[in-house]
Amino acid sequence: MSKSKKASNILVYILMAMLIAGLGGFGISNFSGGGTTVATVGEEEITAEEYYRAMVQAVRVQEASGATDLSFAALEAQQIPAQVRGQLAATAALNNETGRLGLSVDDNEVARMITQSSSFQGVDGTFDREAYEYMLDQNGWTVTSFEETVRDESARNILQASVAAGVSAPDALVDTLTEWFGEQRSFRWVKFDSTALTDALPEPTDADLTALYEADEDAFTLPTMKRITYALLTPDMLVDSVDLDEQALRDLYAERADQYVMPERRLVERLAFGTPEEATAARTSIEAGDIDFPTLVQDRGLTLDDVDLGEVSQDDLEQAGDAVFGLTEPGIVGPYPTNLGPALFRMNGILSASETTFEEAEPELRGELGRERARRMIEDLIADMDDRLAGGATVEDLASETGMQLGSVDYWSGAEADIVGYEAFRSSADALTEDDFPEVIGLDDGGVFVMRLEETLEPRLQPLEDVRAQVIAAWKAARSLELLKGMAEDARAQLDVGSSLGAGGMIVQEANNATRSTFLQDGVGALGETVFGLEPGASALVDAPDGVVLVVLDSVAPANPADPQIALFRQAMTQQMAQGIASDLFIYYAQQLTATAGITFNDAALNAVHTQLFR
């Protein structure tokens, strides 16, 4: 596809997105400012219709992002109307320049872009003129105005392409970034964690605990909570009271026979070949010991996951079934015909047939069928619950009259009550206010609940005695880290006097030719930032989640240009910087055109659009 065709397609898609997504439901055919001009840039006019459409699109973007206040004052506080006017002014300045330069496209090109757009195609995939005119009319466009918009955009695209043509990223900058990204460092480290502590930690004194508690009160302060009273009814609460006859259980057992009566199965892999001769030769090589099955799979450009059939029954294997199930131990059979061609089959394990009798399965069946009937019972109760609440029943009344379980919870994101495990409860609790009336709300498992907010509890510091165990744990963790840091500092000091890393039996780990993108396991991901700031031979201490790491940088090497990852990075940086420079260049060009052409706004017309849109 040519560059011009790509640009044309992109242009049409953008226009369609603006037309359909941005203007849906906001037709402007009745806009009172019909032909009013809201601004003039050089010889180009920005009409009220154009400004209206652009503002509608901006409102839609805000709405999609979750904004709730879509008033003009709120948008103006974010400078959104000014941004819209700036974008329209830049577009008008570009149109003014294309007119001055005589840039345009002919009717045939405009027709091609529109008729090839999927937005205007009928069920047969061809251009539907009626659908085209209807969509434009529904969104306040005339055919002429829309086609002129397409023509103007095409001319601007030509102008933009000419301005950005030949822009490339500076080689020196690309080289610098690539070298930074691909620089290689080899280093060793030892980790001081709880296993390095040979002596048991002492027990903290009351003074120790009080000092830590007072120094870190935030850690022991409860967050804002909502004290909620609720009534809950779930299928599990009713399942024991559901009357189930044995025949219904036996019918369910029969439906699930494939789960309870399992035939013998085998763990099998299948490797297909192009011809029977190739498959036979491969098996001969395996039996001769010249190659094994995994290597054969790898030589075919596959992995063992690609050829794994998992657990299969004899019927699953069709013609190969008798041979595979005739094996009494792991082995290879074949070739046998398959829909992929002649194949070898490797059997890796035998899963014996199993049967779960009705009596063994009955508790599971009774629980499942009982919960299903309990869900239907709850569904039948919802209308009555709604009527009771509408008649003035409280949460407590509903619990006592319908068998619901009454409870209360101090709710916050870390609350541990069972009911907090339900997403429906959490979302309802988050939105709950004291003005809300109790209503029946459904749960994913078929249960229901009602709730009432009693009060909002402000953050409060818990008494030391209530969190004593938590404070002790925090003190021991801090003391342990303090001791580990001391050990790591001593080990680092020994390095300065000729000692080796890992003296004393510490396990030394190493990374060779690591780059900034290398992933380090064992919880030492923070090493990278530190290591790439060291000089060869230097050492540093790095905090780890459960201790301290002592790291020594051994050597530094330049980026490896043969590394595919480095080549991809360089290519990406080259493209990204070239695009960024071209984009900046075009923005500055548009700004200069706007300043040169001059811009005048019609405040009365702008206010008329705002009134129409935000009334």
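A residue is called buried under 20% relative accessible area, exposed over 50%, and partly exposed in between (1.4 Å probe, protein chains only). At 40% relative accessibility, D251 therefore counts as partly exposed. D251 is found in helix 11, helices being DSSP runs of H or I with at least four residues and strands runs of E with at least two, numbered from the N terminus.

The model is predicted, with local features requiring pLDDT of at least 70 and side-chain atom pairs counting only at pLDDT 80 or more, while totals for chains, interfaces and linings use all residues. Residues are numbered from 1 along each chain as its sequence is written, and side-chain values use heavy atoms, with hydrogens and water left out.

Helix 11 (residues 246-255) also has a helical partner: its axis comes within 9 Å of that of helix 17 (residues 358-390), and the two cross at roughly 105°. Helix 11 is therefore roughly perpendicular to helix 17, a label for angles of 65 to 115 degrees. Axes here are lines fitted to C-alpha atoms, for helices over the stretch in contact, with angles from 0 to 180 degrees between N-to-C directions. Contact means heavy atoms within 4.5 Å. Among the residues that meet are L249, L252 and Y253 of helix 11 and F358, L365 and L369 of helix 17. The residues of this contact divide into eight nonpolar, no polar and six charged.

Turning to the sheet, three strands form an open antiparallel arrangement in the order 2-1-19, where two strands pair if DSSP finds at least two bridges between them. Strand 2 (44-47) and strand 19 (599-601) each have a single partner strand, so one side of each is left without a neighbour in the sheet. The twist averages 20° from one strand to the next. Strand 1 (residues 37-41) and strand 19 are joined by three bridges, and V41 has I599 as its bridge partner in strand 19. Across strands 1 and 2 lies helix 2 (residues 48-64), running at about 55° to strand 2.

A nonpolar core is a set of buried Ala, Val, Leu, Ile, Met, Phe, Trp, Tyr and Cys residues joined through side-chain atoms within 4.5 Å. The largest one has 29 residues, of which V38, I46, Y51 and V84 touch the most other members. Helix 2 gives this core its largest share, eight residues. Beyond its neighbours within four places in sequence, V84 is in contact with Y51, A54, M55 and A58.

Notes. Angles under 35 degrees count as roughly parallel, over 145 as roughly antiparallel, 65 to 115 as roughly perpendicular and the rest as oblique. Ala, Val, Leu, Ile, Met, Phe, Trp, Tyr, Cys and Pro count as nonpolar, Asp, Glu, Lys and Arg as charged, and the others, Gly among them, as polar.
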